[in-house]
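Here is a short report for a reader new to this structure.

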Amino acid sequence: PTCLTPAVSHNAMRTTTRLIIFLFLILLSSCIIRNSADNKSESPMIFKIIPKNPEYVVAKDKLIEIEQYLTRIFPDKTIKIEQFDTIQFVDCGENFERVICGHCHDTIDVEKWQEWMTKSYETGFEDRKIIMQCCANNSTLDKLIYEQSQGFAKLIIQIDNMTDDEMSVQTFANLQDFIIGAPIWYIKSKY
């Protein structure tokens with residue numbers, strides 16, 4: 001019998017774990033749950049702030065600056081900042097409603113979207129190119145319209161138990177313009 005080295009075993013486990021997590025997120029996303037507008041705006045959620053450019057990363061000292069800024073603004077919140085070597089899919093959990101073509105605005109079949117996501121996942125989300133079935137336009141997974149927002153990023157800033165009222169326009173603008181230094185958006189996740 002051949003013995004795997006610890007490095008190979010660790011990498012295989014890591015890949016398997018990532019695949020299981022990804023498949024769970026796809027399964028969760030396929031359970032389309034529509035909440036009332038009141039429920040969405042008032043319930044605490046996890047806010048995930050990501051750069052609009054999925055490849056965007058910041059220097060280590062900037063990560064510390066981001067954490068210090070957010071901790072000062074939200075001292076009672078749990079803040080988690082992660083920067084990955086590969087692009088991650090950043091989901092909205094139960095807030096998922098549908099995916100729409102960015103060209104013709106037709107609703108995308110969830111099974112087709114899951115197929116595209118699985119194919120892209122196999123490349124570490126480096127290849128996000130797709131051809132739209134509805135209008136035959138070339139697009140990418142990150143150019144689709146997600147209701148509620150979802151995205152792709154290497155940098156993910158997570159703030160737990162937030163409401164829309166707590167994330168002021170000024171805080172968001174400061175984070176974008178002075179701290180991160182790139183266009184950002186946020187995803188409201190509920191699990």
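Buried means under 20% relative accessible area, exposed means over 50%, and partly exposed lies in between (1.4 Å probe, protein chains only). The model is predicted, so local features need pLDDT of at least 70 and side-chain atom pairs count only at pLDDT 80 or more, while totals for chains, interfaces and linings use all residues. Residues are numbered from 1 along each chain as its sequence is written, and side-chain values use heavy atoms, with hydrogens and water left out.

**Layout**

The chain has five helices and eight strands. Helices (H or I, at least four residues) and strands (E, at least two) are DSSP runs, numbered from the N terminus. Their order from the N terminus is α-α-β-α-β-β-α-β-β-β-β-α-β. The chain has 191 residues, and 42% of them count as buried.

A contact means heavy atoms within 4.5 Å. Among contacts between residues at least 6 apart in sequence, 82% join residues at least 24 apart. The chain exposes about 10800 Å², and carbon and sulfur atoms supply 54% of that area. Accessible areas come from the Shrake-Rupley method with a 1.4 Å probe; for residues, only the protein chains shown count as cover.

**Nonpolar cores**

A nonpolar core is a set of buried Ala, Val, Leu, Ile, Met, Phe, Trp, Tyr and Cys residues joined through side-chain atoms within 4.5 Å. The largest one has 24 residues. Ile108, Trp113, Leu141, Leu144 and Phe152 have the most contacts inside this core. Strand 2 (79–90), helix 4 (110–121) and strand 7 each give two or more residues to it. Helix 4 supplies the largest share, five residues.

Which residues does isoleucine 108 touch, not counting residues up to four places away in sequence? They are Val99, Ile100, Cys101, Trp113, Trp116, Met132 and Leu144. A second, separate core has 20 residues, including Ile79, Met162, Phe172 and Leu175.

**Charged pairs**

A salt bridge is a side-chain nitrogen of Lys or Arg within 4 Å of a carboxyl oxygen of Asp or Glu. The whole structure has nine. The table shows three of them.

| aspartate 91 | lysine 48 | 3.6 Å |

Aspartate 91 is buried at 4% relative accessible area. Lysine 48 is buried too, at 7%.

Glutamate 166 is in the loop between strand 7 and helix 5 (169–180). Its partner, lysine 77, is in the loop between helix 3 (60–73) and strand 2, 89 residues apart from glutamate 166. Glutamate 166 is partly exposed at 30%, whereas lysine 77 is buried at 16%.

Aspartate 164 sits in the loop between strand 7 and helix 5, and lysine 188 in strand 8 (residues 184–189), 24 residues apart. Aspartate 164 is partly exposed at 21%, and lysine 188 is buried at 19%.

Aspartate 160, in strand 7 (residues 151–162), is buried yet has no salt bridge. The nearest side chain of opposite charge is lysine 80, 7.9 Å away. For charge, Lys and Arg count as positive and Asp and Glu as negative; His and the chain ends are not counted. Beyond its neighbours within four places in sequence, aspartate 160 is in contact with Met45, Ile46, Lys77 and Thr78.

**Cysteines**

Cysteine 134 is partly exposed at 34%. Cysteine 92 is buried, at 0% relative accessibility.

**Backbone**

The peptide bond from glutamate 147 to glutamine 148 is cis, with omega near -15 degrees. Glutamine 148 lies in the loop between strand 6 (145–147) and strand 7.

Two non-glycine residues with positive phi follow. Phenylalanine 125 has phi near 60 degrees, in the loop between helix 4 and strand 4 (129–131). Alanine 136 has phi of about 65 degrees, in the loop between strand 4 and strand 5 (138–140). Buried or exposed? Phenylalanine 125 is buried at 3%, whereas alanine 136 is exposed at 58%.
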